[in-house]
Amino acid sequence: MLSKEVIARLNDQVAKEMFASNLYLSMSSWCYTHRFDGAGAFLFEHAGQESEHAKKLITYLNETDSNLKLQAIKEPESSFASLLDVFTKTYEHEISITQSINELVDFTLSHRDFSTFNFLQWYVAEQHEEEALFRGIVDKIKLVGDSGNSLYLVDQYIKTLLGK
Ligand code: FEO
């Protein structure tokens with residue numbers, strides 16, 4: 001049985017993953033409307049992954065007979081300055097999610113909730129991968145510069161990351 005505080009923190013994390021899903025859908029739409037179809041497809045698919053991260057938490061709550069309490073999700077940003085701006089913000093967002101997961105892990109360990117601590121290890125590994133993925137995209141965009149040809153090539157590269 002989970003403590004009330006752990007349940008509340010897991011519910012908060014559900015909200016954060018759902019916000020990430022909405023944010024990436026919003027960014028995907030911006031990319032499509034600015035002719036970055038590769039980035040649009042990548043972010044659309046990644047939004048689905050964020051939704052799965054939320055559902056994995058919800059499944060854990062269900063399995064532990066804990067109450068899911070869905071929260072209002074704030075409206076995500078929908079206007080961006082450039083493709084670099086989009087992916088700088090995805091990277092910053094992933095860093096904030098990592099911090100949130102780390103705080104959860106720290107809390108569960110210090111409160112001797114070893115089951116939830118163990119469950120959260122999947123998120124620890126996932127955040128490592130996601131930070132590396134988004135940082136890599138930011139680096140590529142910075143590397144090629146912001147001319148039309150370069151951005152077309154980087155958009156094609158981002159398309160190859162579908163499913164990662
Ligand atoms: Fe669910 Fe990209 O963190």
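Modeller: Before we start: helices (H or I, at least four residues) and strands (E, at least two) are DSSP runs, numbered from the N terminus. This is a predicted model, where local features need pLDDT of at least 70, side-chain atom pairs count only at pLDDT 80 or more, and totals for chains, interfaces and linings use all residues. Residues are numbered from 1 along each chain as its sequence is written, and side-chain values use heavy atoms, with hydrogens and water left out.

Colleague: Let's switch to helix 6. How many residues, and what does it reach?

Modeller: Helix 6 (residues 148-159) has 12 residues and reaches 17 Å from first C-alpha to last, close to the 16 Å expected; that expected span is 1.5 Å times one less than the number of residues.

Colleague: Which of its residues are buried?

Modeller: Ser150, Leu151, Val154, Asp155 and Ile158 in helix 6. Buried means under 20% relative accessible area, exposed over 50%, partly exposed in between (1.4 Å probe, protein chains only).

Colleague: Why are they on the same side of helix 6?

Modeller: Because they cover an arc of only 135° around the axis, going by the directions from the helix axis to the C-beta atoms.

Colleague: What's on the face turned away?

Modeller: The exposed residues Asn149, Tyr152 and Leu153.

Colleague: And what do the buried ones pack against?

Modeller: Helix 2 (37-63), helix 3 (83-110) and helix 5 (121-144).

Terms used:
Contact means heavy atoms within 4.5 Å.
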